[in-house]
Amino acid sequence: MAIDDKTRTELEAAAFRRLVEHLRSRTDVQNIELMNLAGFCRNCLSNWLKDAADAKGVALSKDESREVVYGMPYETWKQKYQGTATPEQIEAMKKVHPGH
């Protein structure tokens, strides 16, 4: 199926917005769980958004990109929803993503 660039961009944007909304609604899922299972987390997504903004010359701070993904300031989200990682989760993270 051939899709023109404008339509492809619109579809990708819609999928991105749906993913962000899904992640916002799943506050029970911790970032470390996402990293260990999927290889990315909310912070990665916000970093990719910032990278895209930087590439286009759009001013977007790290805090602003995180707020787009989290739906609130990152520090607020951490206080409300972030739990403490278990030793098993941390060990798995070290194996899967040694540089993180």
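Analyst: First, a term. A crossing is left-handed if the near helix is turned anticlockwise from the far one by less than a right angle, and right-handed if it is turned clockwise. The model is predicted.

Start with the fold. The protein has six helices and zero strands. Along the sequence the pattern reads α-α-α-α-α-α. The C-alpha trace spans about 45 × 30 × 25 Å along its principal axes.

Now the contact itself. Two packed helices are described by the angle between their axes and the distance between the axes. For α2 (residues 31-38) and α6 (residues 87-96), the angle is about 40° and the axes lie 9 Å apart. Angles under 35 degrees count as roughly parallel, and those from 65 to 115 as roughly perpendicular. The two helices, α2 and α6, are therefore oblique to each other. The crossing of α2 past α6 is left-handed.

Which residues meet? On the α2 side they are Ile32, Glu33, Met35 and Asn36. On the α6 side they are Gln89, Ile90, Ala92, Met93 and Val96. By class, the contact of α2 with α6 holds six nonpolar residues, two polar and one charged.

Next, the open space. Rolling a probe the size of a water molecule over the atoms shows where empty space is left. The largest pocket holds about 260 Å³. It is lined by 15 residues, and those closest to its centre are Asn31, Ile32, Asn43, Gln82 and Met93. Ile32 and Met93 also take part in the contact of α2 with α6. Two or more lining residues come from each of α2, α3 (42-56) and α6. The most come from α2, which gives three. The lining of the largest pocket is made of seven nonpolar and eight polar residues, with no charged ones.

From here, follow α3. This helix packs on α1 as well, at an angle of about 150° with the axes 11 Å apart. Angles over 145 degrees count as roughly antiparallel, so α1 and α3 fall in that class. Their crossing is left-handed. Phe16, Leu19, Val20 and Leu23 in α1 meet Arg42, Leu45 and Leu49 in α3. This contact of α1 with α3 has six nonpolar residues, no polar ones and one charged.

The second largest pocket has a volume of about 200 Å³. Its lining is Thr9, Glu12, Ala13, Phe16, Leu45, Trp48 and Leu49. Two or more of these residues come from each of α1 (5-25) and α3. The most come from α1, with four residues. Phe16, Leu45 and Leu49 belong to the contact of α1 with α3 too. The lining of the second largest pocket divides into five nonpolar residues, one polar and one charged.

Methods: Residues are numbered from 1 along each chain as its sequence is written. This is a predicted model: local features need pLDDT of at least 70, side-chain atom pairs count only at pLDDT 80 or more; totals for chains, interfaces and linings use all residues. Side-chain values use heavy atoms; hydrogens and water are left out. Axes are lines fitted to C-alpha atoms, for helices over the stretch in contact, and angles run from 0 to 180 degrees between N-to-C directions. Contact means heavy atoms within 4.5 Å. Ala, Val, Leu, Ile, Met, Phe, Trp, Tyr, Cys and Pro count as nonpolar, Asp, Glu, Lys and Arg as charged, and the others, Gly among them, as polar. On a 1 Å grid over the protein atoms alone, a cavity is a set of points where a 1.4 Å probe fits but cannot get out, and a pocket is an open set with protein on both sides within 12 Å along at least five of seven lines; lining residues have an atom within 4 Å of a point. Grid points are joined across faces, edges and corners, and a volume is the space filled by probe spheres set on the points.
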